[in-house]
Amino acid sequence: MFLTTLVTNPVFFLRYIVIIIISITLHELAHGYAAMSQGDDTPKRAGHITLNPVVHMGVESLIFLCIAGISWGQMPVNPYKFRNGRISDIWVSAAGPLSNLALGFIFITLLLIYYDSALLSKDFLYLAARINLTLFLLNMLPIPPLDGFSIFSNIFPSLKQLQSTPLGIFGLMIIFLIPGFGGALIMISDSIIQSLISWRFSLF
C-alpha cells in the first residue's frame, strides 16, 4: 500500500503527491484550453479553468492518490461544439498527454542546468521528469478511457463503438495487474532521461 511510504520514506511520499497533483492539474487544464481554442466554452462555464486541483481531480481521487499512489482527473468538454470535428477532437485529446511530455522535458532541462538547492533538489526534478514522461506514455495507450483511445478512435472511427463497452475498464485492470507493466513504462522514461543527460554531457 502506497500509504506506508509516508512512514518509510516521507520525503518521497510528499514529492510524489505534489508532482502528481501538479501534473494532473496541468494535464486537465491543457485539455480545457485546447477545447476552448476549438470553440467549446464548456470548460470555462463549468468552472474548470482553474489551478484548484480539487476541481480537476475530486476529493475521491486525491484520497486514492494518498492511499494507493494512483489518481485521475477530468475536464468537461463538448465535442459537438468543436469547430473542426475530428481534427479538433484529436487536438483536445492530445493536449493533455502533450502537456505531460512538455513538463517532462522542462524538468529534464532544469535537472541539467540546476544544482541541488533546498527548494528544488535533483532528486525532485528527476522524479518529476520520470512521472510526467510515464504519464505521457500511459495516457497515449489506445485503451478507453485514456486519451490515446480518443485519438486513435478519431483516426479509426470503427473503434468508437468500444468506448461504451466494459472493454476499457477491463483493459486498464489488465494493465495494472500485469507484473512489470508499470515498471516497463518507468524504464522507458528513465531511458529517455538518461539518454538526454548522456547526450548533453557528451557535448562538453
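Biologist: What do the buried residues of α7 pack against?

Modeller: They pack against α2 (10–37), α5 (85–113) and α6 (122–139). Packing here is contact, meaning heavy atoms within 4.5 Å. The helices are DSSP runs (H or I, at least four residues), numbered from the N terminus. This is a predicted model, where local features need pLDDT of at least 70 and side-chain atom pairs count only at pLDDT 80 or more. Residues are numbered from 1 along each chain, and side-chain values use heavy atoms, without hydrogens and water.

Biologist: What makes α7 mostly covered?

Modeller: Seven of its nine residues are buried. They are D147, G148, F149, S150, I151, S153 and N154.

Biologist: Why is S153 called buried?

Modeller: Buried means under 20% relative accessible area (1.4 Å probe, protein chains only). S153 has 1%, so S153 is buried. S153 touches L159 and K160, not counting residues up to four places away in sequence.

Biologist: Why are α2 and α5 called oblique to each other?

Modeller: Their angle is about 140°, with the axes 8 Å apart. Angles run from 0 to 180 degrees between N-to-C directions, and axes are lines fitted to C-alpha atoms over the stretch in contact. Under 35 degrees counts as roughly parallel, over 145 as roughly antiparallel, 65 to 115 as roughly perpendicular and the rest as oblique. The pair is therefore oblique.

Biologist: Which residues make that contact?

Modeller: Among them are S23, L26 and H27 of α2 and W91, V92 and S93 of α5.

Technical notes: Buried means under 20% relative accessible area, exposed over 50%, partly exposed in between (1.4 Å probe, protein chains only). Helices (H or I, at least four residues) and strands (E, at least two) are DSSP runs, numbered from the N terminus.
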